[in-house]
Amino acid sequence: MLLRLLLLLAPCGAGFATKVVSISLRGNWKIHSGNGSLQLPAAVPGCVHSALFNKRIIKVLCAAAPPGICAQVPRTDPYYRFNNLDYRWIALDNWTYIKKFKLHSDMSTWSKVNLVFEGIDTVAVVLLNSVPIGKTDNMFRRYSFDITHTVKAVNIIEVRFQSPVVYANQRSERHTAYWVPPNCPPPVQDGECHVNFIRKMQCSFGWDWGPSFPTQGIWKDVRIEAYNVCHLNYFMFTPIYDNYMKTWNLKIESSFDVVSSKLVSGEAIVAIPELNIQQTNNIELQHGERTVELFVKIDKAIIVETWWPHGHGNQTGYNMSVIFELDGGLRFEKSAKVYFRTVELVEEPIQNSPGLSFYFKINGLPIFLKGSNWIPADSFQDRVTSAMLRLLLQSVVDANMNALRVWGGGVYEQDEFYELCDELGIMIWQDFMFACALYPTDKDFMDSVREEVTHQVRRLKSHPSIITWSGNNENEAALMMGWYDTKPGYLQTYIKDYVTLYVKNIRTIVLEGDQTRPFITSSPTNGAKTIAEGWLSPNPYDLNYGDVHFYDYVTDCWNWRTFPKARFVSEYGYQSWPSFSTLEKVSSEEDWSYRSSFALHRQHLINGNNEMLHQIELHFKLPNSTDQLRRFKDTLYLTQVMQAQCVKTETEFYRRSRSEIVNGKGHTMGALYWQLNDIWQAPSWSSLEYGGKWKMLHYFARHFFAPLLPVGFEDKDMLFIYGASDLHSDQQMMLTVRVHTWSSLELVCSESTNPFVIKAGESVLLYTKPVPELLKGCPGCTRQSCVVSFYLSTDGELLSPINYHFLSSLKNAKGLHKANITATISQQGDTFVFDLKTSAVAPFVWLDVGSIPGRFSDNGFLMTEKTRTVFFYPWKPTSKSELEQSFHVTSLADTY
Ligand code: BMA
């Protein structure tokens, strides 16, 4: 194959030689298994699993599938049923990627030719024309190999991978001095061992929500770069606010590889037209790796609009171009969007509370972080399309979230992920990729980690969306809370390793590369207290410091006393099952019961399925239909009802704890539930199913993260209603409290308060009433027969979602009828209108259109009125008749 050269801004006329070329090596490669028995084409970027799947080499069973199923997800898909077990061999083999190509220019004219891999997954030897040119051992690094003297007109590249599973085992075996736990994931996860010994997506060896698919492949861009004078490797910029001068400055860093032995001089021209910036700097580059730093001062007279998180303002960005015009007509041009914002992590004393605050200020304003935790969107990164990223991240802002934590067991996400977060106003808490383990610190490992961190900070730091770096997920807790059965005598060794890795190396590199946002060593940590205690606190879950993670599947989740009144809760949650339409694609009829081996197989949390039933049983009746499929679907539905209600109660508790200190605890300023998305179709903590379908929890999140929210709860028979505001200004409003009976669609009673003001960014008590007194005013009402709802409004205009509070468990509800709910569907432009009618009050009304992609304006709601209009926003073109055919509605009493 003859590859075309892509000329990079090099004016070739007028006697100048081309100065830089980039030759893409993406596209068609060939792969073969260790002994050569399997040979097939493979796409780059991609992985072996995808290549095998695309060629239908793995498990061709489709012919036997019932009609309909194979068309959706072929049975060869690694996610189909138990395929993850059958495909284990793929990761145990050593695969080789090969590409032959011709170059039509004489490569010997170049001073330097590099073979650049933006990402290799993971352990490999790279050969060019049979000459070894480099080794790789880290999926998160960019590798650039010098091939100046190896490249020819006709070339063959080979990337010989070693099984990541075998490699991890070997590394762990070689680490003889002491144990670096854990060994293997729990058997229920069907995973591989010693993932902490390989710099690879940690959850790819199995996790409590995901399968083990340790991929091999060239997972990012690969190209040849040839140049004569110099080459621009990284282009970075960070806005810095000068507090004293009250002006914005922009620091632009450009990192060059200069091959010319002579000094290269020229000009750098920075232009940001909308800010009236046109600045020319003389620059000089000496031989070697050089970083040019340019400072742009923005005139005080020019108004710079800042970037705000979603829900707090616009995400204004400014187009910037930087042109380097260097000796000999060499020219590099970069354009990018620059956003201006400041971020501060505030840890200061709080009145009446021991410890320190822990919250983020953006542009000087305290912001309550509302959101979730992001995990990899697929085991096979090549399946994560732009469209899928956009859909998932749009769903984040559509649910009134403003933040995501990119969790440390996955990957540093692709550029597009962060670009979308910049654009949508999603603040990112960026973990480094270390999770739930102790890690070795031998030289090879540390050298590799240092390269990884340097590269990732350079790649990511220009994004305003990233508001904090964080060293790892739960590794401080794992060590200090004794998660592994380590020998006490080794504690100091482990502590030393921990400090070496996260403090002396990662932290130092991050701070050298970027001082424009905070760095915390772990999540959870006690923040400043952790530092004071030598980087490890005896209890990293201290409620008075830093962030906490909180899980409890046993205690009643409707009881707010269950939850920690912490400064910041960066993980918490409950599991649920995805909807039937999602599961159906990867299962067969025999799997469709809650106790099937499939249902057990997909559950990677020991006892997870039973824990869900336990939480359901506390407040709902377990399904008992004799029709097995019906019972399965009812159970799936109830797991989602339970999860939505649990996470709602917990999140509302955190939001109402924003401004108060009770018994020394409170001032909660962040609620990021675990977890946003799914990696496959299985039970998990997610609110979005694999493929993006919203679970009931995601619809609930849209409400419990609303900018203005009334929160109801009880304490010793007293009903309290708080108002939580994320607004920037004080707002006048009134509160209406209504009581409905389960048995009738007529309102029983209602009262409204006098107008009051909720201050900007505050959470305050608005209403208290003993429940018996409230019910006394509502004829015929008891705790079991009635339900309370409430909302905030001004001049008849709704300012908040309509929230509700159950006065008893719904398994004890009296008068709840099976509701006959019908929908008339019509089309309005791209949107479909569902006009609903109900025959009875219905809790947890669930509208489902199966596999038709899209979301409703609301779902899972309490229907107390006879009619209601809900919109459906399709993500792909669909029709009224398609929707009518797929439409199904369930409400709680249908499961009784
Ligand atoms: C936290 C996370 C993940 C895990 C989740 C649910 O510990 O950091 O490791 O998936 O809890 O168990």
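The model is predicted, so a few ground rules apply: local features need pLDDT of at least 70, side-chain atom pairs count only at pLDDT 80 or more, and totals for chains, interfaces and linings use all residues. Residues are numbered from 1 along each chain as its sequence is written, and side-chain values use heavy atoms, with hydrogens and water left out.

**The ligand and its shell**

- Around the ligand sit W207, D208, W209, W407, C436, N473, E474, Y551, E571, W674 and W685, where being near takes a heavy atom within 4 Å.
- Domain 1 (20–225) and domain 3 (343–707) each supply at least three residues of the shell.

- D208 has a polar side-chain atom 2.5 Å from a ligand oxygen atom.
- For W209, a side-chain N or O atom is 2.7 Å from an oxygen atom of the ligand.
- In N473, the distance from a side-chain N or O atom to a ligand oxygen atom is 2.9 Å.
- The protein buries 91% of the 300 Å² that the ligand exposes when taken alone (Shrake-Rupley method, 1.4 Å probe).

**Domains**

- The chain is assigned domain 1 (20–225), domain 2 (230–327 + 329–339), domain 3 (343–707), domain 4 (709–812) and domain 5 (821–894), with bounds from an automatic or database domain assignment.

**Where domain 4 meets domain 5**

- The C-alpha centres of domain 4 and domain 5 are 26 Å apart.
- Contact (heavy atoms within 4.5 Å) links 11 residues of domain 4 with 11 residues of domain 5.
- Between domain 4 and domain 5, about 920 Å² is buried, 72% of it from carbon and sulfur atoms; this is the accessible area (1.4 Å probe) lost by the two parts together, summed over both.
- Two salt bridges cross the interface of domain 4 and domain 5 (a Lys or Arg side-chain nitrogen within 4 Å of an Asp or Glu carboxyl oxygen).
- E746 and K866 form a salt bridge through their side chains, at 3.4 Å from N to O.

How values were computed
Polar contact = N/O pair within 3.5 Å; in protein donor to acceptor, adjacent residues only side chain to side chain.
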